[in-house]
Amino acid sequence: MRIGIDLGGTKIEVIALDDNGETLFRKRVATPRGDYNATLNAIAGLVHDAEVATARKGSVGVGIPGTLSPVTGKVKNANSTWLNGQFFDVDLARILERSVKVANDANCLAVSEAVDGAGKGAKVVFAVIIGTGCGAGIAINGQVHSGGNGVAGEWGHNPLPWQDSQDALFLQEEQCYCGLTGCTELFVSGTGFMADYRKLSGETKIGSEIIELMKSGDPHAIAAMTHYQSRLARALAQVINMLDPDVIVLGGGMSNVEGLYQTLPSLVKNWVFGRECDTPIRQAIHGDSSGVRGAAWLWPK
């Protein structure tokens with residue numbers, strides 16, 4: 001049995017899977033924000049609950065909103081800041097009395113979709129999270145590729161490529177939390193989509209409201225989506241030029257915009273070197289479950 005943990009900023013989720021990927025147990029609890037030891041104990045409690053409910057012991061994989069530094073062994077780059085600087089895998093392994101595998105949550109998405117999702121059977125899967133923020137992960141042969149610095153797939157914190165005058169106007173009031181300017185995350189996250197609509201219309205709307213306005217012909221909503229599709233296409237074309245994955249999988253709230261899967265394939269070709277591109281762009285099959293399922297699959301079959 002494989003146990004996966006998705007450690008989020010507001011909730012911690014556990015799932016137990018059998019070797020065929022069938023769900024045996026699932027539960028969520030609130031994240032003890034700001035309290036590292038309480039977070040470890042909450043995870044241990046969920047593992048205990050899963051094993052009691054199934055009467056089986058399992059391997060444990062954890063997806064976190066950061067990564068383990070290959071230099072220090074400590075967590076870095078986590079927006080759940082109380083994890084940063086901690087020997088998270090070592091501490092959790094001590095409490096659980098077994099080895100654990102830990103990976104970035106976007107990499108867990110990539111693994112989940114590579115094993116039994118939208119990228120099943122593909123050698124190289126590039127998986128994107130476009131929600132409140134923006135991240136990505138890489139799976140090769142169904143396993144995480146995190147790189148020598150632990151930052152492979154940090155697509156959101158590279159500059160948006162081939163920026164135009166509209167992008168320059170957008171950036172006049174937008175600064176990435178990482179301290180750099182022009183990051184892809186500013187443009188292609190759901191937050192960025194809403195910010196662009198606000199700049200165009202002077203009104204604040206959530207993403208789903210903007211989509212409905214677009215369907216009813218609102219010119220500002222249509223313009224925001226046009227900008228968004230162009231920006232996402234350019235960002236994905238850059239990935240194809242560098243990595244040329246076998247499939248790109250989209251997850252997160254903006255991945256639910258059905259029109260993206262009709263427009264992106266043709267748009268991407270405008271920026272792929274040679275103007276030829278047949279890379280499939282698919283929606284994540286497991287949706288919100290991809291992260292926790294991928295954590296469970298960190299232990300290979």
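Tutor: One term to begin with: a contact means heavy atoms within 4.5 Å. This is a predicted model, where local features need pLDDT of at least 70, side-chain atom pairs count only at pLDDT 80 or more, and totals for chains, interfaces and linings use all residues. Residues are numbered from 1 along each chain as its sequence is written, and side-chain values use heavy atoms, with hydrogens and water left out.

Student: OK, contacts. What share in the chain, with a separation of 6 or more, comes from residues 24 or more positions apart?
Tutor: 64% of them.

Student: How many helices and strands in the chain?
Tutor: Ten helices and twelve strands. These are DSSP runs numbered from the N terminus: helices are H or I with at least four residues, strands are E with at least two.

Student: And why call the chain as compact as a globular protein of that length?
Tutor: Its radius of gyration is 19 Å, close to the 19 Å that the globule rule gives for 301 residues, so the chain is as compact as a globular protein of that length. The radius is taken over C-alpha atoms, and the rule is 2.2 Å times the number of residues to the power 0.38. Along its principal axes, the C-alpha trace spans about 55 × 40 × 40 Å.

Student: How much of the chain counts as buried?
Tutor: 51% of the 301 residues. Buried means under 20% relative accessible area, exposed over 50%, and partly exposed in between, with a 1.4 Å probe and protein chains only.

Student: Now the inside. Which residues have the most contacts in the largest nonpolar core?
Tutor: Val 128, Trp 155, Tyr 228, Leu 232, Leu 236 and Val 268, in a core of 41 residues. A nonpolar core is a set of buried Ala, Val, Leu, Ile, Met, Phe, Trp, Tyr and Cys residues joined through side-chain atoms within 4.5 Å.

Student: Which element gives the most to this core?
Tutor: Helix α8, with eleven residues.

Student: What does Val 268 touch?
Tutor: Not counting residues up to four places away in sequence, Val 268 touches Ala 233, Leu 236, Ala 237, Ile 240, Cys 277 and Ile 281. There is also a second, separate core of 29 residues, and Val 14, Ala 16, Val 75 and Leu 92 are among them.

Student: Switching topic. What about the backbone at Asp 244?
Tutor: Asp 244 has a positive phi of about 50°, although it is not a glycine. Most residues other than glycine have a negative phi. Asp 244 sits in the loop between α8 and β11.

Student: And what is the phi of Arg 275?
Tutor: Positive, about 65°, and Arg 275 is not a glycine either. Its place is the loop between α9 and β12.

Student: Is Arg 275 buried or exposed?
Tutor: Exposed, because its relative accessibility is 54%.

Student: What about Asn 107, buried or exposed?
Tutor: Buried, because its relative accessibility is 3%. Asn 107 belongs to helix α3, residues 105-116. Beyond its neighbours within four places in sequence, its contacts include Ala 136, Ile 138, His 145 and Ala 152.

Student: Last one. Where is Ser 99?
Tutor: In the loop between α2 and β7. Ser 99 counts as exposed, at 53% relative accessibility. Ser 99 and Val 60 are 39 residues apart in sequence and 7.6 Å apart in space, C-alpha to C-alpha. Neighbours within four places aside, Ser 99 is in contact with Val 60, Ala 93 and Trp 299.
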